[in-house]
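Opening the notebook on a new chain today. I want to start from one side chain and then step back to the whole fold.

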Amino acid sequence: MTATAPSETRVAPRDRLVINLLLVSAFVVILNETIMGVAIPHLVTDLGITEVAAQWLSTAFMLTMAVVIPITGFLLQRFNTRPIFIAAMSLFSLGTLIAAMAPGFEVLLVGRVVQASGTAIMMPLLMTTVMTLVPPAVRGRTMGNISIVISVAPAIGPTISGIILSTLSWRWMFILVLPIALGALLLGALRVVNVTEPRRVPIDVVSIILSAFGFGGLVYGLSTLGGADSTFLSSWLPLIVGIVALASFVLRQLSLQRRDRALLDLRTFRKRTFTVSILLMAVSMMALFGTIIVLPFLLQGVLGLDPLATGLLLLPGGLVMGALAPFVGRLYDRVGPRPLIVPGAITVSLVLWALTMVDQNTSVWFVLGAHIALSAGLAFMFTPLFTAGLGSLTPRLYSHGSAIIGTVQQLAGAAGTALFVALMASVTAQRITAGATQVAATASGIQAAFLCGAIISVLGVVASLFMRRPAESVDEGERMPEGTPAAAPTH
């Protein structure tokens, strides 16, 4: 075995500063994706709106993310790091300000959409920058920090909002975030430097339109599926439109990528490691978001906890996930993905199977232990999946791979939420019709939701067996177009 050169195991101080600034900024913006769920009862009362309307503050955020993220593959190739960062944090800060000062629901919704526009740009920017600057030999530990952002921030969002809302109004969820966002924007504008070389790539307007209808239709349809007001027009029609538009989008990308003009280059899926990583990521995100949405129903509707106690009970799992992420990253650099992902996938599956037995007699301590174990299992999966998946790609496909990962996270999160809630609501309604009490019926619905998640998790266990450490070779079909300097970053 040849010795690894020092330059291949160290990140330059300038590059480390850029990555740390992006990590802090990304954590702040991603935290807002799940922060609104606990606030819905307060918003219904304060703004005089229905629960369905209030839920749009979360749905619109996910919808905007799903529409904007696929376009970031183009943006990251076309523009430098610094202006992209400034644009993302400016949009997020502006959206936060609008939301904090919103006189009513409509303006608050606009603020959430503007926030989401900045958030959608930040995560692919962070991933692409890390893949460009960090040597393969030490990527695991840096990707461990990204795992904190991607998985822990959404997990602790409800906890933080529960703590804030126990003493303050909903506006403080934005007022407290605003100075942090502005500070990150100012520091980034002063210290972030351009670490990539943009290249002129044409923009395909038809692809943008198909992408918006495809990914937006799927996320919207999945987000409304299973709700009390779900109808063919509100859920199934958007899903059908989304599937048709997505199929058209894929066909168009396959045609355009032959001339290196694809909005989202699908040659990333030629790498088996990337494809398996995406599949496992989808299963993991479905489990994470499905559990986040269902556990409060169990803790409050069945076990009788209040919102603050619910938020505090879910906090240890988020902290465990965050604490494990850097450790898992270092392990990845030593042993590769499979020794970490396989036990992680098995743990997630076992926890979901255990949660199929919860009822009104379940101990709160059992739920706490199950959530901590689930969080630990996911921590052993996220970092290796991000690192191995993107590491299997050639450098010019990093931006496209990052955009695909971000898009799959939104789709899988929406699908997990829709699937768990739809099953829970359906079984609960059936049990009430059969004469069960509300508490017993809700417990049965929650059991059904976790049973579905447990069955899906078995697919994750099987897929984890096919993970491999990414090779550093470059496929001939993915080489740079003639006339492009081989050493220059192209994203």
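**Entry 1: one serine.** I looked up what the side chain of serine 25 reaches, and found the backbone oxygen of leucine 21 at 2.8 Å. A reminder to myself: this is a predicted model. I then placed serine 25 in the fold, and it lies in helix H1, which covers residues 13–31.

**Entry 2: its surroundings.** Is serine 25 buried or exposed? I got a relative accessible area of 1% for serine 25, so I logged it as buried, the cut-off being under 20%. Next I skipped its neighbours within four places in sequence and asked what else serine 25 is in contact with. My list reads Phe85, Met89, Met122 and Ala184.

**Entry 3: the whole chain.** Zooming out, I counted 16 helices and 0 strands. The radius of gyration came to 22 Å, close to the 23 Å that the globule rule gives for 491 residues, so I noted the chain as being as compact as a globular protein of that length. Along the principal axes, the C-alpha atoms fill a box of roughly 70 × 50 × 40 Å.

**Entry 4: packing and contacts.** I find 57% of the 491 residues buried. Among contacts with a separation of 6 or more, 84% join residues 24 or more positions apart.

Notes: Residues are numbered from 1 along each chain as its sequence is written. This is a predicted model: local features need pLDDT of at least 70, side-chain atom pairs count only at pLDDT 80 or more; totals for chains, interfaces and linings use all residues. Side-chain values use heavy atoms; hydrogens and water are left out. Helices (H or I, at least four residues) and strands (E, at least two) are DSSP runs, numbered from the N terminus. The radius of gyration is taken over C-alpha atoms; the globule rule is 2.2 Å times the number of residues to the power 0.38. Buried means under 20% relative accessible area, exposed over 50%, partly exposed in between (1.4 Å probe, protein chains only). Contact means heavy atoms within 4.5 Å. A polar contact is a pair of N or O atoms within 3.5 Å; within protein, one must be able to donate a hydrogen and the other to accept it, and residues adjacent in sequence count only if both atoms are side-chain atoms.
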